[in-house]
Amino acid sequence: METVCEKGGIATALNAKIYGNGSETLVLAHGYGEDQSAWQLLLPLLACYFKVVVFDMVFSPNVNPKLYDPQRYQTDFKGYINDGRYYGGFERSEVNEIYKNIEQNFTGWVQNFAPKAAGQNNTATGAKFEKTLGRMKPYIALTAAKTVFSSDFRHKLPQVMVPCTIIQSKKDVIVPQSVAFYIKNNVGGDATVKILNTEGHFPHLSAHNLLFRVLKETIQIKN
(Lines give C-alpha, C1' and ligand atoms only; values in the text may rest on other atoms or scores of the structure.)
Protein backbone atom coordinates (compact mmCIF):
# COMPACT_ATOMS: atom_id res chain seq x y z
CA MET A 1 0.00 0.00 0.00
CA GLU A 2 1.24 3.49 -0.79
CA THR A 3 -0.28 6.93 -0.63
CA VAL A 4 -1.05 8.39 -4.03
CA CYS A 5 0.29 11.85 -3.20
CA GLU A 6 2.99 12.21 -0.56
CA LYS A 7 3.10 16.01 -0.67
CA GLY A 8 -0.50 16.83 0.13
CA GLY A 9 -3.20 18.18 -2.14
CA ILE A 10 -6.51 16.61 -3.05
CA ALA A 11 -5.19 13.05 -2.98
CA THR A 12 -4.14 13.44 0.65
CA ALA A 13 -7.34 15.29 1.58
CA LEU A 14 -9.42 12.41 0.18
CA ASN A 15 -7.21 9.74 1.76
CA ALA A 16 -6.30 8.27 -1.62
CA LYS A 17 -4.35 5.01 -1.60
CA ILE A 18 -2.96 2.57 -4.14
CA TYR A 19 -3.04 -1.22 -3.87
CA GLY A 20 -1.38 -3.70 -6.20
CA ASN A 21 1.35 -3.33 -8.81
CA GLY A 22 -0.41 -4.02 -12.10
CA SER A 23 0.44 -2.19 -15.30
CA GLU A 24 -3.14 -0.88 -15.65
CA THR A 25 -4.91 1.37 -13.17
CA LEU A 26 -8.41 0.77 -11.85
CA VAL A 27 -10.16 3.55 -9.88
CA LEU A 28 -12.94 2.64 -7.44
CA ALA A 29 -15.30 5.39 -6.24
CA HIS A 30 -17.78 4.63 -3.45
CA GLY A 31 -21.31 5.94 -3.17
CA TYR A 32 -23.48 7.95 -0.81
CA GLY A 33 -23.16 6.97 2.85
CA GLU A 34 -20.04 4.87 2.29
CA ASP A 35 -16.28 5.33 2.44
CA GLN A 36 -13.39 3.53 0.75
CA SER A 37 -13.83 0.55 3.07
CA ALA A 38 -16.75 -0.38 0.83
CA TRP A 39 -14.15 -2.04 -1.41
CA GLN A 40 -12.47 -4.09 1.31
CA LEU A 41 -13.68 -7.44 -0.03
CA LEU A 42 -12.94 -6.76 -3.69
CA LEU A 43 -9.56 -5.10 -3.18
CA PRO A 44 -7.54 -8.29 -2.53
CA LEU A 45 -8.97 -9.80 -5.72
CA LEU A 46 -8.56 -6.79 -7.99
CA ALA A 47 -5.10 -5.90 -6.68
CA CYS A 48 -3.81 -9.18 -8.10
CA TYR A 49 -4.36 -7.80 -11.60
CA PHE A 50 -4.39 -3.99 -11.38
CA LYS A 51 -2.98 -0.99 -9.64
CA VAL A 52 -6.14 -0.08 -7.74
CA VAL A 53 -6.83 3.47 -6.54
CA VAL A 54 -9.35 4.01 -3.75
CA PHE A 55 -10.31 7.24 -2.00
CA ASP A 56 -12.99 8.85 0.16
CA MET A 57 -15.52 11.09 -1.56
CA VAL A 58 -15.67 14.60 -0.12
CA PHE A 59 -18.96 13.84 1.67
CA SER A 60 -17.40 10.85 3.44
CA PRO A 61 -17.11 11.02 7.25
CA ASN A 62 -13.38 10.34 6.85
CA VAL A 63 -12.80 13.66 5.07
CA ASN A 64 -12.46 16.97 6.92
CA PRO A 65 -16.01 18.42 6.84
CA LYS A 66 -14.54 21.88 6.27
CA LEU A 67 -13.72 20.74 2.73
CA TYR A 68 -17.40 20.12 1.94
CA ASP A 69 -19.03 23.20 0.43
CA PRO A 70 -22.82 22.73 0.17
CA GLN A 71 -23.09 25.60 -2.31
CA ARG A 72 -20.66 23.93 -4.68
CA TYR A 73 -22.75 20.77 -4.90
CA GLN A 74 -26.18 22.35 -5.10
CA THR A 75 -28.09 21.78 -8.31
CA ASP A 76 -31.21 23.13 -9.93
CA PHE A 77 -31.51 20.20 -12.30
CA LYS A 78 -34.77 18.29 -12.55
CA GLY A 79 -35.03 15.19 -10.36
CA TYR A 80 -33.77 11.86 -11.49
CA ILE A 81 -37.14 10.35 -10.21
CA ASN A 82 -40.42 8.98 -11.68
CA ASP A 83 -41.68 11.39 -14.32
CA GLY A 84 -44.22 9.43 -16.34
CA ARG A 85 -41.86 8.29 -19.11
CA TYR A 86 -39.13 7.24 -16.72
CA TYR A 87 -39.27 5.05 -13.61
CA GLY A 88 -36.43 5.85 -11.25
CA GLY A 89 -37.93 4.22 -8.17
CA PHE A 90 -39.01 7.31 -6.20
CA GLU A 91 -41.93 9.70 -6.30
CA ARG A 92 -41.42 13.38 -5.48
CA SER A 93 -43.37 12.95 -2.23
CA GLU A 94 -41.07 10.10 -1.16
CA VAL A 95 -37.97 12.16 -1.83
CA ASN A 96 -39.36 15.08 0.15
CA GLU A 97 -40.08 12.71 3.04
CA ILE A 98 -36.47 11.50 2.95
CA TYR A 99 -35.23 15.09 3.18
CA LYS A 100 -37.57 15.75 6.08
CA ASN A 101 -36.45 12.66 8.00
CA ILE A 102 -32.76 13.38 7.48
CA GLU A 103 -33.23 16.92 8.74
CA GLN A 104 -35.48 16.16 11.71
CA ASN A 105 -34.33 12.72 12.89
CA PHE A 106 -31.10 11.72 11.18
CA THR A 107 -30.27 8.83 13.52
CA GLY A 108 -33.73 7.33 13.18
CA TRP A 109 -33.64 7.70 9.40
CA VAL A 110 -30.26 5.94 9.22
CA GLN A 111 -31.50 3.03 11.32
CA ASN A 112 -34.55 2.64 9.07
CA PHE A 113 -32.93 3.28 5.70
CA ALA A 114 -29.72 1.23 5.99
CA PRO A 115 -31.28 -2.27 6.26
CA LYS A 116 -33.72 -1.50 3.45
CA ALA A 117 -30.92 -0.39 1.17
CA ALA A 118 -28.80 -3.45 2.00
CA GLY A 119 -31.64 -5.94 1.52
CA GLN A 120 -33.50 -7.94 4.12
CA ASN A 121 -31.19 -10.96 3.86
CA ASN A 122 -27.99 -8.93 4.17
CA THR A 123 -27.89 -7.98 7.84
CA ALA A 124 -24.09 -7.72 8.04
CA THR A 125 -24.00 -5.42 5.03
CA GLY A 126 -26.82 -3.36 6.49
CA ALA A 127 -24.93 -2.98 9.76
CA LYS A 128 -21.79 -1.82 7.94
CA PHE A 129 -23.71 0.67 5.84
CA GLU A 130 -25.55 1.95 8.91
CA LYS A 131 -22.20 2.59 10.59
CA THR A 132 -20.67 4.59 7.75
CA LEU A 133 -23.90 6.41 6.89
CA GLY A 134 -24.46 7.30 10.53
CA ARG A 135 -21.01 8.87 10.77
CA MET A 136 -21.89 11.51 8.18
CA LYS A 137 -22.57 15.01 9.41
CA PRO A 138 -26.36 15.43 9.15
CA TYR A 139 -26.11 18.67 7.15
CA ILE A 140 -23.72 16.99 4.71
CA ALA A 141 -25.98 13.93 4.48
CA LEU A 142 -28.93 16.21 3.64
CA THR A 143 -27.23 18.33 0.99
CA ALA A 144 -25.52 15.32 -0.58
CA ALA A 145 -28.87 13.50 -0.74
CA LYS A 146 -30.41 16.51 -2.47
CA THR A 147 -27.60 16.43 -5.02
CA VAL A 148 -28.14 12.71 -5.63
CA PHE A 149 -31.89 13.02 -6.10
CA SER A 150 -32.02 16.30 -8.01
CA SER A 151 -29.17 15.82 -10.47
CA ASP A 152 -30.39 14.71 -13.88
CA PHE A 153 -27.92 13.84 -16.63
CA ARG A 154 -30.20 11.70 -18.75
CA HIS A 155 -29.74 14.09 -21.67
CA LYS A 156 -26.01 13.30 -21.58
CA LEU A 157 -26.44 9.57 -22.15
CA PRO A 158 -26.41 9.75 -25.98
CA GLN A 159 -22.96 11.36 -25.72
CA VAL A 160 -21.55 8.29 -23.98
CA MET A 161 -19.87 6.41 -26.79
CA VAL A 162 -17.53 4.08 -24.90
CA PRO A 163 -18.72 0.48 -24.32
CA CYS A 164 -20.56 0.19 -21.00
CA THR A 165 -21.42 -2.71 -18.73
CA ILE A 166 -24.17 -1.88 -16.24
CA ILE A 167 -24.17 -4.23 -13.26
CA GLN A 168 -27.41 -4.40 -11.32
CA SER A 169 -28.75 -6.42 -8.39
CA LYS A 170 -31.84 -8.48 -9.17
CA LYS A 171 -33.70 -6.70 -6.37
CA ASP A 172 -32.69 -3.22 -5.28
CA VAL A 173 -35.11 -0.85 -3.52
CA ILE A 174 -32.84 2.11 -4.29
CA VAL A 175 -32.26 1.55 -8.01
CA PRO A 176 -34.74 -0.73 -9.83
CA GLN A 177 -33.79 -2.79 -12.88
CA SER A 178 -35.65 -0.34 -15.09
CA VAL A 179 -32.89 2.21 -14.52
CA ALA A 180 -30.22 -0.16 -15.80
CA PHE A 181 -32.15 -0.89 -18.98
CA TYR A 182 -33.00 2.79 -19.45
CA ILE A 183 -29.27 3.57 -19.44
CA LYS A 184 -28.57 0.68 -21.83
CA ASN A 185 -31.20 1.89 -24.28
CA ASN A 186 -30.13 5.52 -24.23
CA VAL A 187 -26.32 5.59 -24.26
CA GLY A 188 -24.72 6.36 -27.60
CA GLY A 189 -22.39 3.36 -27.63
CA ASP A 190 -22.75 -0.34 -27.01
CA ALA A 191 -24.03 -1.31 -23.58
CA THR A 192 -24.73 -4.53 -21.74
CA VAL A 193 -26.77 -5.12 -18.60
CA LYS A 194 -25.64 -7.80 -16.16
CA ILE A 195 -28.20 -8.74 -13.51
CA LEU A 196 -26.69 -10.28 -10.40
CA ASN A 197 -28.77 -12.89 -8.64
CA THR A 198 -28.63 -11.03 -5.36
CA GLU A 199 -30.56 -8.49 -3.32
CA GLY A 200 -29.61 -5.02 -2.14
CA HIS A 201 -27.77 -1.93 -3.29
CA PHE A 202 -24.29 -3.10 -2.24
CA PRO A 203 -23.26 -6.28 -4.09
CA HIS A 204 -19.62 -5.26 -3.59
CA LEU A 205 -20.22 -6.11 0.08
CA SER A 206 -23.03 -8.67 0.08
CA ALA A 207 -22.07 -10.69 -3.02
CA HIS A 208 -18.50 -9.69 -3.84
CA ASN A 209 -17.53 -13.08 -5.33
CA LEU A 210 -20.51 -12.96 -7.68
CA LEU A 211 -19.67 -9.39 -8.63
CA PHE A 212 -16.02 -10.26 -9.19
CA ARG A 213 -16.95 -13.00 -11.64
CA VAL A 214 -18.83 -10.45 -13.71
CA LEU A 215 -15.98 -7.95 -13.44
CA LYS A 216 -13.50 -10.57 -14.62
CA GLU A 217 -15.53 -11.05 -17.76
CA THR A 218 -16.21 -7.34 -18.25
CA ILE A 219 -12.66 -6.05 -17.91
CA GLN A 220 -11.17 -9.21 -19.40
CA ILE A 221 -9.16 -10.41 -16.43
CA LYS A 222 -7.20 -13.52 -17.33
CA ASN A 223 -6.34 -16.15 -14.71
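Reader: How many salt bridges does the rule find across the interface of domain 1 and domain 2?

Author: Happy to start there; this is a predicted model, where local features need pLDDT of at least 70, side-chain atom pairs count only at pLDDT 80 or more, and totals for chains, interfaces and linings use all residues. Residues are numbered from 1 along each chain as its sequence is written, and side-chain values use heavy atoms, without hydrogens or water. A salt bridge here is a side-chain nitrogen of Lys or Arg within 4 Å of a carboxyl oxygen of Asp or Glu. Across this interface the rule finds 1 salt bridge.

Reader: Thanks! What area do domain 1 and domain 2 bury between them?

Author: An automatic or database assignment sets the bounds, giving domain 1 (7-60) and domain 2 (68-218). Contact, meaning heavy atoms within 4.5 Å, takes 15 residues from domain 1 and 23 residues from domain 2. Buried area is the accessible area (1.4 Å probe) that two parts lose on being put together, summed over both. Of that area, 70% is on carbon and sulfur atoms, and the total is about 1,600 Å².

Reader: Which helix holds phenylalanine 149, the partner of tyrosine 99?

Author: Rings of Phe, Tyr and Trp (its six-membered ring) pair if their centres lie within 6.5 Å, with planes under 30 degrees apart stacked, over 60 edge-to-face and the rest tilted. The structure holds 8 aromatic pairs, among them tyrosine 99 with phenylalanine 149, edge-to-face at 6.3 Å centre to centre and 70 degrees between the planes. Helices are DSSP runs (H or I, at least four residues), numbered from the N terminus. The pair ties together parts 50 residues apart in sequence, because tyrosine 99 lies in helix H3 (residues 92-104) and phenylalanine 149 in helix H6 (residues 138-150).

Definitions and conventions
Helix = DSSP H or I, 4+ residues; strand = E, 2+ residues; numbered from the N terminus.
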